[in-house]
Amino acid sequence: MVQADSPAAAAGSGQPESKGTGRASTLRGRLEPWLDRRRGWITAALAVLTALLLGFHAEVPNAVGNLGSLLETFLPWLGLAVPVLLALALWRRSAVALVAVLLPAVVWLNLFGGLLTDKSTGKGDFTVLTHNVAAGNDDPAGTLRLLNGSGAQIVALEELASGAAETYTKGLAAKYPYHVIEGTVGLWSSYPIDGVSVVNIKIGWTRAFRAEVTTPKGPLAVYVAHLPSVRVKFDGGFTAEQRDVSAQALGDAIEAEPLRKVLLMGDLNGTMNDRSLAPISSQMRSAHGAAGDGFGFSWPAAFPMARIDQILSKGGLRPTDSRVLAADGSDHRAVAADFRY
């Protein structure tokens, strides 16, 4: 009889490990890093911070360098943090980080997901276009071809240099028999223009005016504006004080407009997310936001990163389509929209 404590008995008493037990052990080994709560906390914290910046961007103060407005100008681009954070979470094999990355993804989709679909409902009663043609435009002939071929009945131009104003007036005369230029902004129309008055946006020279355009469907108050530029400076942050003062003045003028149907076209040097444009955006709606497809970025022309060229309306004008045109000799891209009266 073999003793239990003999080497032979010891060797024979062990049971072979089952395949199921081996698979479970392997699975536990693979899941162990993912379930380790000590992993991925930096990535998770960055994901939560991104979600907070997206969701509470209005709480970021403007007191220092107008950081809130700077964030809001490029807010959609904050979504690029999501795939980067996702890659980090996968690399760290952290379930905590993966769950955290869902937060900025959901908030971003809530803010901008609606822009990813085409909201156009077809042709309207008339088409309008606005374009900062740039004082240093190196191809005004190409810009004229773009404008004349756009199909727009009402065209607003900004940053008209003194010598270029005559070029555009002559080049657009055949298609647009009515026009007005005030300072460095102008309006061309295939419909009659009347009731022109300069809008004082408190910069010391003329960059905004109001006109009444009589369409076949009825009159419109059309505002053309080029708000002051903003700058990002190393020592001063996002300098936008003059733009903000002008935005308030323009908003006050539009609020006092006696005509019900109102259009605003121009380079506002700000996006619809920028709180500093609230005097305007709180009473008007963006044609692109209502009827566009995609983000509609218009500046800079070579690689658009923000939509600072705007077409806004109120008083029952219904945008049916909005689009960004091809690049020309300007550092901005023209934007156009169709409206039903």
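Which residues of H3 are buried? Thr 43, Ala 44, Ala 47, Thr 50, Ala 51 and Leu 54 are, where buried means under 20% relative accessible area, exposed over 50% and partly exposed in between (1.4 Å probe, protein chains only). This is a predicted model: local features need pLDDT of at least 70, side-chain atom pairs count only at pLDDT 80 or more, and totals for chains, interfaces and linings use all residues. Residues are numbered from 1 along each chain as its sequence is written, and side-chain values use heavy atoms, with hydrogens and water left out.

**The whole chain**

- The protein chain has 11 helices and 14 strands; these are DSSP runs numbered from the N terminus (helices are H or I, at least four residues; strands are E, at least two).
- Of the 341 residues in the protein chain, 46% are buried.
- Take the contacts (heavy atoms within 4.5 Å) between residues at least 6 apart in sequence: 68% of them join residues at least 24 apart.

- Helix H3 covers residues 41-55, so to speak 15 residues from end to end, and reaches 21 Å from its first C-alpha to its last, close to the 21 Å expected at 1.5 Å a residue; the expected span is 1.5 Å times one less than the number of residues.
- Back to the buried residues of H3, Thr 43, Ala 44, Ala 47, Thr 50, Ala 51 and Leu 54. They sit on the same side of the helix because they cover an arc of only 120 degrees around the axis, going by the directions from the helix axis to the C-beta atoms.
- An α-helix has 3.6 residues a turn, so residues three or four places apart point the same way.
- Trp 41 and Ile 42 are exposed, on the face of H3 turned away from its buried side.
- What do the buried residues of H3 pack against? Their partners are helix H5 (81-92) and helix H6 (95-112).

**A look at Ala 44**

- Ala 44 lies in helix H3 and counts as buried, at 4% relative accessibility.
- Leaving aside neighbours within four places in sequence, Ala 44 is in contact with Val 96, Ala 97 and Ala 100.
- The C-alpha atoms of Ala 44 and Ala 97 are separated by 4.4 Å, though these residues are 53 apart along the chain.

**Salt bridges**

- A salt bridge here is a side-chain nitrogen of Lys or Arg within 4 Å of a carboxyl oxygen of Asp or Glu, and the count comes to eight.
- Glu 257 and Arg 210 form one of them (2.9 Å, N to O). Glu 257 is in the loop between helix H9 (241-255) and strand E10 (262-267) and Arg 210 is in strand E6 (residues 208-215), so the pair ties together parts 47 residues apart in sequence.
- Glu 257 is buried at 10% relative accessibility, and Arg 210 is buried too, at 11%.
- Arg 210, Glu 212 and Glu 257 are linked in a salt-bridge network.
- Lys 170 pairs with Glu 166 (3.1 Å, N to O); both lie in helix H8 (residues 162-172), four residues apart, about one turn of the helix. Lys 170 is exposed, at 61% relative accessibility.
- Asp 244 and Arg 243 meet in a salt bridge as well (2.7 Å, N to O), and both are buried.

**A buried charge without a bridge**

- Glu 158, in strand E2 (residues 154-158), is buried yet has no salt bridge.
- The nearest side chain of opposite charge, Arg 207, is 9.8 Å away; Lys and Arg count as positive, Asp and Glu as negative, and His and the chain ends are not counted.
- The Glu 158 side chain does reach the backbone nitrogen of Asn 132, at 3.3 Å.

Note on methods. A polar contact is a pair of N or O atoms within 3.5 Å; within protein, one must be able to donate a hydrogen and the other to accept it, and residues adjacent in sequence count only if both atoms are side-chain atoms.
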